[in-house]
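Reader: I'm new to reading protein models. Could you walk me through this one?

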Amino acid sequence: MKMIEINHLSKRFGHKQVLQDLSFSVPKGSVVGFVGENGAGKTTTMKAILGLLPIDEGEITVCGELVQFGSTKTNRWIGYLPDVPQFYSFMTAVEYLTFCGKIQPNKESFQPQRVMEVLELVGLEASKQKIAGFSSGMKQRLGLAQALINRPAILICDEPTSALDPLGRKAFLDVLEKIKEETTVLFSSHILADVEQLSDYIAILHKGQIRAFETMDSLKNRYRKTVFGIVFTDEGDHLKFAKVLAIHGISAKRKNNQLLIDEQTGTNIGSQLLQLLNEQHIVPESFQRIEPSLESIYLEVIK
Ligand SMILES: Nc1ncnc2c1ncn2[C@@H]1O[C@H](COP(=O)(O)OP(=O)(O)OP(=O)(O)O)[C@@H](O)[C@H]1O
């Protein structure tokens, strides 16, 4: 089942075409990492899913229901954490979450003990002070608690970890990891390590268009370009082997004490390199396959 379905979505602000014929869907139970450069249209897409923006073309459904601008009916399925969450800062976290629980669309089903449950989930259960005194990391965690108070089927987060320190980021990702069993997650991020760690699917947005939407494994397989890295302890061996490679027409790049050799498609360069090292009686310090990082794949996709 698709929890969110976006079909041929286009959006302009004035003359600026921000989203162009955008289509992708978010399967139930998945975590989708939404990436793209500044201004690519991620927030615009999320706001369109939430019915907060009028769209020019296309349609969006949430849990099979059509999203309509200005009507928040479909938002009863969604918890939303904006990039800069806003609060009533004169309240404490408990007061604020109780208030949110009481005004939510499914308020009849709100149980006061849910407040402590979500505060424990995000690690704010001991906080007694007013929100005005919260650090930005605490505010981000409170924003997540607020987004989850209603046990939403879908959680949408806009760059949730960008303002957090490494420990805060880890704690935040741990919470998403915990809830992913029962909540489908769409989150945008510029931190590709977070996307790689958490996501089942990655959606790459570039200039208002989806350049890739697939599982992390399939994206990696599609752009798999193995590079062999040979590290030499001895500068003489390094220079000697670079010459041998040149004679055999194998191009290599030098990076410090390492030679990097791209695997050409259809060749068995790995065993050829080992054979040449053997013939030259060179024992390198290390010989390894280097898989491409998500960052290098991303740059390749948007090229
Ligand atoms: N209300 C608005 N009026 C006019 N232009 C807007 C409005 N909202 C967004 N834009 C423009 O739409 C484009 C996409 O913005 P959006 O915030 O969706 O990008 P983003 O991918 O979320 O970027 P970032 O990673 O910087 O948050 C930008 O050029 C932005 O200036």
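This is a predicted model: local features need pLDDT of at least 70, side-chain atom pairs count only at pLDDT 80 or more; totals for chains, interfaces and linings use all residues.

Author: Residues are numbered from 1 along each chain as its sequence is written, and side-chain values use heavy atoms, with hydrogens and water left out.

Reader: How far apart do the C-alpha centres of domain 1 and domain 2 lie?

Author: An automatic or database domain assignment sets the bounds. The chain splits into domain 1 (2-221) and domain 2 (227-301). Between their C-alpha centres the distance is 43 Å.

Reader: And how much area is buried between domain 1 and domain 2?

Author: Buried area is the accessible area (1.4 Å probe) that two parts lose on being put together, summed over both. Carbon and sulfur atoms give 79% of it here. The total between domain 1 and domain 2 is about 760 Å².

Reader: Which element gives the largest share of the lining of the largest pocket?

Author: On a 1 Å grid over the protein atoms alone, a pocket is an open set of points where a 1.4 Å probe fits, with protein on both sides within 12 Å along at least five of seven lines, and lining residues have an atom within 4 Å of a point. Helices (H or I, at least four residues) and strands (E, at least two) are DSSP runs, numbered from the N terminus. With four residues, the largest share comes from α2.

Reader: What about the second largest pocket: which element gives the most to its lining?

Author: This pocket has about 370 Å³ of space. Two elements, β13 (258-262) and α10 (294-301), each supply at least two lining residues. The most, three residues, comes from α10.

Reader: How many salt bridges are there between domain 1 and domain 2?

Author: A salt bridge is a side-chain nitrogen of Lys or Arg within 4 Å of a carboxyl oxygen of Asp or Glu. The whole structure has ten. Between domain 1 and domain 2, the count is zero.

Reader: Which residue forms a salt bridge with Glu117?

Author: The closest N and O atoms of this pair are 2.8 Å apart. The partner of Glu117 is Arg114.

Conventions: Grid points are joined across faces, edges and corners, and a volume is the space filled by probe spheres set on the points.
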